[in-house]
Amino acid sequence: MAGKRAPVIRAGATPGDVEQASLGEVLESLGRDVIQALSAPAGLDAPAGEPVIYDADERAAISRGDIVLAVGVRAGSAEARRLVELAEQAGATAVVFKTAADTADALRDSSTVALISVPEEMTWTQLYALLSLTRFSAAAGTASGIAGVPLGDLFALANAIAGVVGGAVTIEDPSRRVLAYSTLGDQPIDTARRGSILGRQVPDSPGMRTLYRDVISAAGVMTVDAATLKRMLKDSPAELEDLKPRSAVAIRAGSQAIGSIWIVHDGPTLDEHALVEAARIAVPHVIQARASRDVERRLRAELLLTVLEGDGLVEEAATRLGFASAAPLSVIAFELASAERPLDELQRERLVDVVVLHCEASYRQSAAVALGQTVYALLGGERSLDQPRLVQLAEQVRAHVETRFAAALLAGVGSTVDGVRDLPRARREAERVLSVLRVDAKSRTVASIDDVRSEVVLHELKELSADHPGLARGKLERVLAHDAEHGTSYAATLRVFLDAFGDVPQAAGRIAVHPNTFRYRIRRLVELFDLDLDDADERVVLELQLRFDADGPASGTSRRRR
């Protein structure tokens, strides 16, 4: 293996005319909430080079000073040891692994390169973006005071507030999403703060909602001690047991609350006047950041809609979204299972955020948009997209959403296409899968087009029969009319016979009658309605027409309906 270049995916170049930060400065800037050094034999003064995403199937090389992200590599595995060796040979500064508590020890003292740990909850895309920004900005230091923060730079604002007020700061929007957080050293932290930062969202619970309402309605700073917090959040997960005191103040533009500032602190009190002043100064920063985010979100939504519908300059739109126009692409469609709880604008935005969060963790190229009650995720890769992996991703989103929204989520995975021109077909397939799941007798919530292709074809034929009533006419009409007039069940008998492929004992067992009784009913069917059940074409037509009849025996079992 000596001398072999490590396969990686390298992102675009970053500005080279800015002084480069050291590894220690980058770690300090990101903060202990999200990253920590397990070992650094060469010290933390080494320059923090470009972050690169490791991929065993690619052909780019690790370079001197790089920070290598070990995507998909389990700490302590043979592949992890090989990657560390390759990084050491190339002169890389550090290798970053996702590690839980029981795997961190397997990495210590493994090499002369620095070994870095990030939590399992951190997405690689999120970490990559933070490293790309931080390695150049960390060396510049933090502006002193709150007033000197560049407009809209909420991370710099959070650090400035933390420096003036003391404690660990998060800036959040009205839907309790974490917009930015402070990264100054020696900040008091707890599991709740760390979880909110990694998930970009404060956990939803009745106690948490009550607490936030109290903060928004308070005239000034609201401080809650740890014991009170535990009582208020008794319905939250057990990992919140290490809660520290918190103070919070609403950020208001006029009478409207546009966010809040939260301070985790060790002491019972802090400078409330400084925090109120910070909230006042934060108003234009939050407005600017929100405006920029809204503009970017709308632009990406319009570009993605262009790509999914196949109208206009789809190649240009795909390129602006970061997708190669001729690479493998796939679409996953998500929607809540019940139409009784339609999503409002805020919920749709939150659902899109959840979808984006999970997609970014699995695929370098991803985008999502909400159209009506459906959220579409577009995923791209340089190699063929694996359908089981896409289904697994959809399952992860479903589990997350059902926990956060307390509502069932459906997810349909379309087939992989070879370029953006074929994406409308992938989108239609994903929508067809959803149409099957909405009324699925098996109560499935996630499926790919390959899983339900037969049902999709039947749904399409049923819709075709609705537009062309002649397809549903014929001998079955007389069978259904006879059942309706005489109270018989010949249609059900015929359905069971066809479902059992003409196996009389099996069919009789399904409806709990004697085989001879069933044979008599089949003979009467043939006599009364002039059926030729030995003719394969007639059997196919009857089978389809029975399934077209929504109120007939095709429904057989109870189904979940929208």
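Me: Why does Phe 501 count as exposed?
Reply: Its relative accessibility is 79%. Exposed means over 50% relative accessible area, buried under 20%, and partly exposed in between, with a 1.4 Å probe and protein chains only. Phe 501 is therefore exposed at 79%.

Me: What kind of model is this, and how are residues numbered?
Reply: The model is predicted, and local features need pLDDT of at least 70, side-chain atom pairs pLDDT 80 or more, while totals for chains, interfaces and linings use all residues. Numbering runs from 1 along each chain as its sequence is written, and side-chain values use heavy atoms, without hydrogens and water.

Me: Where is Phe 501, and what is its phi?
Reply: Phe 501 sits in the loop between α16 (490–499) and α17 (504–510). Its phi is near 55 degrees, a positive value in a residue other than glycine.

Me: What makes Ala 512 buried or exposed?
Reply: Ala 512 has a relative accessible area of 69%, which makes it exposed. This residue lies in the loop between α17 and α18 (515–529).

Me: How many helices and strands does the protein chain have?
Reply: There are 19 helices and 16 strands. Both are DSSP runs numbered from the N terminus: helices are H or I with at least four residues, strands E with at least two. Of the 562 residues, 49% are buried.

Me: What span is expected for α12, and what does the helix reach?
Reply: Helix α12 covers residues 387–405, 19 residues. The expected span is 1.5 Å times one less than the number of residues.

Me: Which residues of α12 are buried, and what puts them on the same side?
Reply: Gln 387, Leu 390, Val 391, Leu 393, Ala 394, Val 397, Arg 398, Val 401, Arg 404 and Phe 405 are buried. They cover an arc of only 155 degrees around the axis, which puts them on the same side of α12. The arc is taken over the directions from the helix axis to the C-beta atoms. The face turned away from that buried side carries the exposed Pro 388 and Thr 403. Just after α12, Ala 406 has a positive phi of about 55 degrees.

Me: Why are α15 and α16 called oblique to each other?
Reply: Helix α15 (residues 475–486) and α16 pack at about 130 degrees, with axes 8 Å apart. Axes are lines fitted to C-alpha atoms, for helices over the stretch in contact, and angles run from 0 to 180 degrees between N-to-C directions. Under 35 degrees is roughly parallel, over 145 roughly antiparallel, 65 to 115 roughly perpendicular, and the rest oblique. The pair is therefore oblique.

Me: Which residues of α15 and α16 meet?
Reply: Leu 476, Val 479, Leu 480, His 482 and Asp 483 of α15 meet Tyr 490, Ala 491 and Leu 494 of α16. By class, six are nonpolar, one is polar and one is charged. Nonpolar covers Ala, Val, Leu, Ile, Met, Phe, Trp, Tyr, Cys and Pro; charged covers Asp, Glu, Lys and Arg; the others, Gly among them, are polar.

Me: What is Thr 445 in contact with, leaving aside its neighbours within four places in sequence?
Reply: Contact means heavy atoms within 4.5 Å. Thr 445 is in contact with Arg 398, Leu 409, Leu 410, Ala 411 and Leu 437. Leu 410 is 35 residues apart from Thr 445 along the chain, yet their C-alpha atoms are separated by 4.7 Å. Thr 445 lies in the loop between α13 and β16 (446–448).
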